[in-house]
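Subject: The structure for you to look at

Hi there,

Here is the structure I said I would pass on. Have a look around before reading further, and then compare with my notes.

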Protein chains: 2
Amino acid sequence: MLTNLPSTVVVREASLRDGLQSVATIVPIENKLAWLREAYAAGLREIEVGSFVPARLLPQMEGTADVVAEARTLPDLFVSVLVPNLRGAEMAMASGAHMMTLPLSASHAHSLANLRKAPDEVVAEVARIRAARDASGSKTLIEGGVGTAFGCTIQGAVDPAEVVRLVGQLLDAGADRISLADTVGYATPDVVHDLFDQAVRLAGDQFWSAHFHDTRGLGIANVLAAMDVGATRFDACLGGLGGCPHAPGASGNVSTEDLNYLFTSMGISTGLSMEKLLALRQRIADWLPHETLRGVIWQAGLPKIYPFASTTPAHA
Amino acid sequence: MLTNLPSTVVVREASLRDGLQSVATIVPIENKLAWLREAYAAGLREIEVGSFVPARLLPQMEGTADVVAEARTLPDLFVSVLVPNLRGAEMAMASGAHMMTLPLSASHAHSLANLRKAPDEVVAEVARIRAARDASGSKTLIEGGVGTAFGCTIQGAVDPAEVVRLVGQLLDAGADRISLADTVGYATPDVVHDLFDQAVRLAGDQFWSAHFHDTRGLGIANVLAAMDVGATRFDACLGGLGGCPHAPGASGNVSTEDLNYLFTSMGISTGLSMEKLLALRQRIADWLPHETLRGVIWQAGLPKIYPFASTTPAHA
């Protein structure tokens with residue numbers, strides 16, 4: 001463990017999607033755009049900016065096309081969006097997003113409750129999206145995001161072999177990228193270590209991101225375990241926002257600022273400015289006055305031994 | 001990493017010492033005794049029950065001899081106390097505690113501020129305590145507890161080589177056991193991994209406990225890193241109480257109940273009852289109405305996939 005740390009990792013900011021979809025507050029488009037620009041200014045270069053879902057289902061996600069348009073003006077920003085199906089994928093491709101993520105629940109029960117499809121029907125949808133993408137000439141990449149990979153609140157256990165099977169199916173169906181998510185905070189470091197090891201080996205360069213919730217305090221430990229077997233890209237939300245509207249008690253992604261502290265305190269470069277992340281966290285707290293933000297580094301402060309050089313964004 | 005997990009670990013409960021010394025509230029002796037008995041009933045079999053320090057300095061620690069006396073009536077309970085010097089050690093031996101811990105600060109500056117002695121003077125005190133112990137025929141073990149092993153708020157960095165040197169000096173001076181502590185929440189998993197590896201190799205069977213604060217969210221990850229190189233005993237405080245009165249911002253030991261979740265969710269036996277730990281946490285919240293308790297598992301609840309069998313104490 002920890003004997004072969006990467007020198008650089010990527011933090012993919014998910015607060016504009018996973019964060020906002022979990023809160024009751026509707027954030028006006030001008031605040032979303034400010035949120036996006038300040039995240040970019042803090043050094044974030046991969047941002048999931050929203051979902052192409054019907055506004056009647058998730059009014060928080062209204063205006064995603066406008067956020068993508070703004071995001072596409074920011075140099076070197078890799079812009080991703082979540083899409084539930086082919087219809088959403090068509091909107092994502094039209095928007096010019098660099099990547100669209102189709103969520104798949106490895107838990108059959110969660111998949112039916114959340115997506116109204118069995119996991120293999122989602123795989124079939126990925127194949128349809130791939131065909132449509134290739135026919136259109138669009139360059140938008142397709143990410144298969146395997147959620148509830150460590151269990152779910154409805155079904156309980158999810159067999160790791162089923163997760164690995166679905167990763168293979170998604171690749172076969174034409175997904176360009178694969179990610180694994182602990183949607184409800186059930187993952188433990190030992191299982192993370194085993195399952196990411198298998199998924200990273202299977203997907204190779206197509207393995208993309210590790211997505212952990214910190215519901216039960218193991219988020220950072222799970223990041224460490226995934227990094228130990230080769231994961232180098234991690235989803236996070238400023239202020240630990242996030243959750244799944246269909247997974248009770250799932251709230252709380254790993255917080256971006258705490259994750260940045262984990263990495264940079266170990267000398268792993270993220271390209272992020274801690275100062276700017278914390279300033280944006282404060283603005284988000286103002287924009288979401290009824291939400292409880294999480295994370296600890298904003299309160300504890302940086303230690304005297306913190307490598308201050310790395311607080312300067314690499315992209316500055 | 002995580003390929004050679006221990007089947008069993010020991011959680012040493014430190015809330016009656018490290019927890020209470022950090023709070024303003026003076027807990028009456030009857031509540032301390034109830035706290036002790038309920039911790040025992042939850043399965044804890046190693047408890048640090050107090051300090052033998054002058055009551056004028058730490059009035060929270062008054063009555064430690066009475067707590068030790070009660071603790072000695074509980075079958076198979078290993079009772080430890082903190083002592084600042086030979087005078088305290090004499091009281092500890094007279095009380096019948098199984099072990100007395102002499103804290104040493106690896107940070108020279110923190111040592112002077114906290115203990116008014118340089119680290120090597122503390123080593124000399126351990127030698128005097130060892131001589132007095134052996135002369136008296138007492139069976140009380142001597143633990144050298146190396147604090148600020150990962151840096152401190154006064155001095156900043158602490159050289160790992162200095163920590164290893166002090167471990168060697170403590171062993172040479174006659175310490176029976178050695179522990180390492182991140183007194184102020186500065187430790188990171190990579191440094192923990194390296195330093196515990198060296199300390200465990202050097203102290204062998206005399207290596208005792210790993211003590212982490214969760215000030216900056218890395219407590220659980222640090223436990224994982226220490227366990228990966230052979231640590232099998234971990235200090236913790238119910239409700240994440242704790243801190244060092246001489247280390248500003250140091251508050252928050254790893255919480256006993258969250259640590260128990262980490263271990264048992266990975267199938268590692270602790271012998272603890274989660275239900276009883278959480279019930280005691282609630283009583284502590286009542287006893288300390290002005291303190292903020294920490295930890296998350298009490299709020300998030302156990303996942304559906306939690307191995308319920310392990311909630312029954314092995315000692316029941």
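Below is what turned up, starting with how the chains sit together and then going into single residues.

One thing to keep in mind throughout: this is a predicted model.

**How the two copies relate**

**Where they touch**

How much area is buried between chain B and chain A? It comes to about 2900 Å², and carbon and sulfur atoms give 70% of that. Counting residues instead, 37 of chain B are in contact with 38 of chain A. On the chain B side, the residues that lose the most area to chain A are B:Met1, B:Arg216 and B:Ile305, which together make up 23% of what that side buries.

What about charges and polar atoms? Between chain B and chain A there are 0 salt bridges, but 8 residue pairs are in polar contact across the interface. Four helices of chain B each supply at least two residues to the side touching chain A: H8 (189-203), H9 (219-228), H10 (256-265) and H12 (297-300). The largest share, 5 residues, comes from H9(B). By type, that side of chain B divides into 23 nonpolar, 10 polar and 4 charged residues.

**Salt bridges**

Over all chains, the count is 32 salt bridges. Here are a few to click on.

In chain A, A:Asp176 pairs with A:Arg130, with 3.5 Å between the closest N and O atoms. These two come from distant parts of the chain, 46 residues apart: A:Asp176 is in the loop between helix H7 (160-173) and strand S6 (177-182), while A:Arg130 is in helix H6 (residues 119-136). Are they buried or exposed? A:Asp176 is buried because its relative accessible area is 12%, which is under 20%. A:Arg130, at 27%, is partly exposed.

Chain B has a salt bridge between B:Asp176 and B:Arg130, at 3.4 Å from N to O. It ties together parts that are 46 residues apart in sequence, since B:Asp176 lies in the loop between helix H7 (160-173) and strand S6 (177-182) and B:Arg130 in helix H6 (residues 119-136). B:Asp176 is buried at 11%, and B:Arg130 is partly exposed at 26%. Back in chain A, salt bridges with shared partners join A:Arg130, A:Arg133, A:Asp134 and A:Asp176 into one network.

Another pair in chain B is B:Arg17 with B:Glu48, 3.1 Å from N to O.

Finally, go to A:Asp235, in strand S8 (residues 233-236) of chain A. A:Asp235 is buried, with a relative accessible area of 6%. Its side chain makes a polar contact of 2.6 Å with the side chain of A:Ser209. Beyond its neighbours within four places in sequence, A:Asp235 is in contact with A:Arg12, A:Ser209, A:Ala210, A:His211 and A:Leu259.

Happy exploring!

How values were computed:
Residues are numbered from 1 along each chain as its sequence is written. Chains are lettered from A and ligands numbered from 1 in the order in which they are written. This is a predicted model: local features need pLDDT of at least 70, side-chain atom pairs count only at pLDDT 80 or more; totals for chains, interfaces and linings use all residues. Side-chain values use heavy atoms; hydrogens and water are left out. A salt bridge is a side-chain nitrogen of Lys or Arg within 4 Å of a carboxyl oxygen of Asp or Glu. Buried means under 20% relative accessible area, exposed over 50%, partly exposed in between (1.4 Å probe, protein chains only). A polar contact is a pair of N or O atoms within 3.5 Å; within protein, one must be able to donate a hydrogen and the other to accept it, and residues adjacent in sequence count only if both atoms are side-chain atoms. Contact means heavy atoms within 4.5 Å. Buried area is the accessible area (1.4 Å probe) that two parts lose on being put together, summed over both. Ala, Val, Leu, Ile, Met, Phe, Trp, Tyr, Cys and Pro count as nonpolar, Asp, Glu, Lys and Arg as charged, and the others, Gly among them, as polar.
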